[in-house]
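Work through the exercises below with the model at hand, trying each task before reading the solution that follows.

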Amino acid sequence: MNEGRELIEALGQIEKEKGIDKEILLEAIENSLVAACKNEYGKADNIKVIINRENGKVLVYSEKTVVEEVTDKITEISIADAKLIDAKYEIGDIVQMEVTPRNFGRIAAQKAKQVVVQKIREEERKSLYNQYYGKEKDIVTGIVQRYVGKNVTINLGKVDAVLTENEQVKGEVFRPTERIKLYVVDVKDTTKGPKITVSRTHPELVKRLFEAEVAEVRDGTVEIKSISREAGSRTKIAVWSNNPDVDPVGACVGVNGSRVNAIVDELRGEKIDIINWSEDPAVLIENALNPAKVVSVDVDEEEKCASVIVPDYQLSLAIGKEGQNARLAARLTGYKIDIKSESQVYGY
């Protein structure tokens, strides 16, 4: 079997196995051979390479314009010489003259191999990018490979991602081969394949974990309206039910806490407060300060701030350790919250 026919058959096989159009490959090979001809002829603008689609034979043509008087032998042919080839040629016509160099079949075979390998890599890279681009803003399960400095290499199946120090929860340590859930922040296309940024600290990771664990969140019956998180320590989520018969907090907590506990385990003990969302900012702020009890909430909707009064014995609970409870509540509600005890306000 000649090299040309082998090439056509090989391209047909690649089309079947890899889904890369044979015609795209043939055109890419022809273009690369035109570039190779530059070395042979010094000028390739008028060179055309055609691969026979049936038998794979490679022919090189020099395209010359028919002129009265030749000033450039590479791109022009006189009317007299053109008429010798075919009497029908007139001035301005293009004559295709075969100029296939000796041993060009061998050069063509080498070029074809290079082009095919490159195209396969490109297509596989594109396919991988599309596959992982579809997972952007979602969670994936990865297998821990190793630490590279303070970053962790994570295998996501067909590609590796790097969990950078900035996206790691402080204090979390991973063992090789351990399976962990990650949030895909973004996917970029690079010459070396998709570059995937993953996170363990992103608030959306918690949201996606609830979607995976809680059927009512997944199907839209229960909505997570707002979320604030201090990764590794505490998260607050505000939930709302579109069905009056479904308790949104109960659905997210699960029987005996089974659903929320599964998420807490995945987040290695991070505390999660689940509160009821309300359109009334005063009610929302009171709920957001849970587990602290609140005496009153005075809201300024224009300034987006609120004054909250709590019983004296609840003040430290409302503010939280190092101000965390108040800080998360403020982030959850979008309000600046000023918390005072009854004795601070009323002087008793």
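**Exercise 1.** Decide whether Arg229 is buried or exposed in this predicted model, and do likewise for the partner with which Arg229 forms a salt bridge.

*Solution.* Begin with Arg229, whose relative accessibility is 7%; because buried means under 20% relative accessible area, Arg229 counts as buried. Next, find the partner: Arg229 forms a salt bridge with Glu270, and the closest N and O atoms of the two are 2.9 Å apart. Glu270 has a relative accessibility of 0%, so Glu270 counts as buried by the cut-off of 20%.

**Exercise 2.** Find the salt-bridge partner of Lys48, and state how each of the two residues is classed by accessibility.

*Solution.* The partner is Glu63, with the closest N and O atoms 3.9 Å apart, and this distance meets the criterion because a salt bridge requires the nitrogen to be within 4 Å of the carboxyl oxygen. Then locate the two residues: Lys48 belongs to strand β1 (residues 47-51) and Glu63 to strand β2 (residues 58-67), 15 residues apart, and this pair, too, links distant parts of the chain. For accessibility, Lys48 has a relative accessible area of 38% and is partly exposed, while Glu63, with 24%, is partly exposed.

**Exercise 3.** Describe the salt bridge between Lys340 and Asp338, and then say how many salt bridges are counted.

*Solution.* The closest N and O atoms of Lys340 and Asp338 are 3.1 Å apart. Lys340 counts as partly exposed at 36% relative accessibility, and Asp338 likewise counts as partly exposed at 36%. Some salt bridges share partners, and in this way Glu23, Glu30 and Arg53 are joined into one network. The count of salt bridges comes to 24.

**Exercise 4.** Describe how helix α9 packs against helix α11, and name the residues that make the contact.

*Solution.* Two packed helices are described by the angle and the distance between their axes. For α9 (residues 281-288) and α11 (residues 324-333), the angle is about 145° and the axes are 9 Å apart, and α9 passes α11 in a right-handed crossing. The contact is made by Leu284, Ile285 and Ala288 from α9, together with Ala329, Leu332 and Thr333 from α11. Sorted by class, the contact has 5 nonpolar residues, 1 polar residue and no charged residues.

Note on methods:
Residues numbered from 1 in each chain as written. Predicted model: local features only at pLDDT ≥ 70, side-chain atom pairs only at ≥ 80, totals over all residues. Heavy atoms only, no water. Axes fitted to C-alpha atoms, helices over the stretch in contact; angles between N-to-C directions. Helix = DSSP H or I, 4+ residues; strand = E, 2+ residues; numbered from the N terminus. Left-handed = near helix turned anticlockwise from the far one by under 90°. Contact = heavy atoms within 4.5 Å. Nonpolar A, V, L, I, M, F, W, Y, C, P; charged D, E, K, R; others polar. Salt bridge = Lys/Arg side-chain N within 4 Å of Asp/Glu carboxyl O. Buried < 20%, exposed > 50% of the residue type's maximum accessible area, 1.4 Å probe, protein only.
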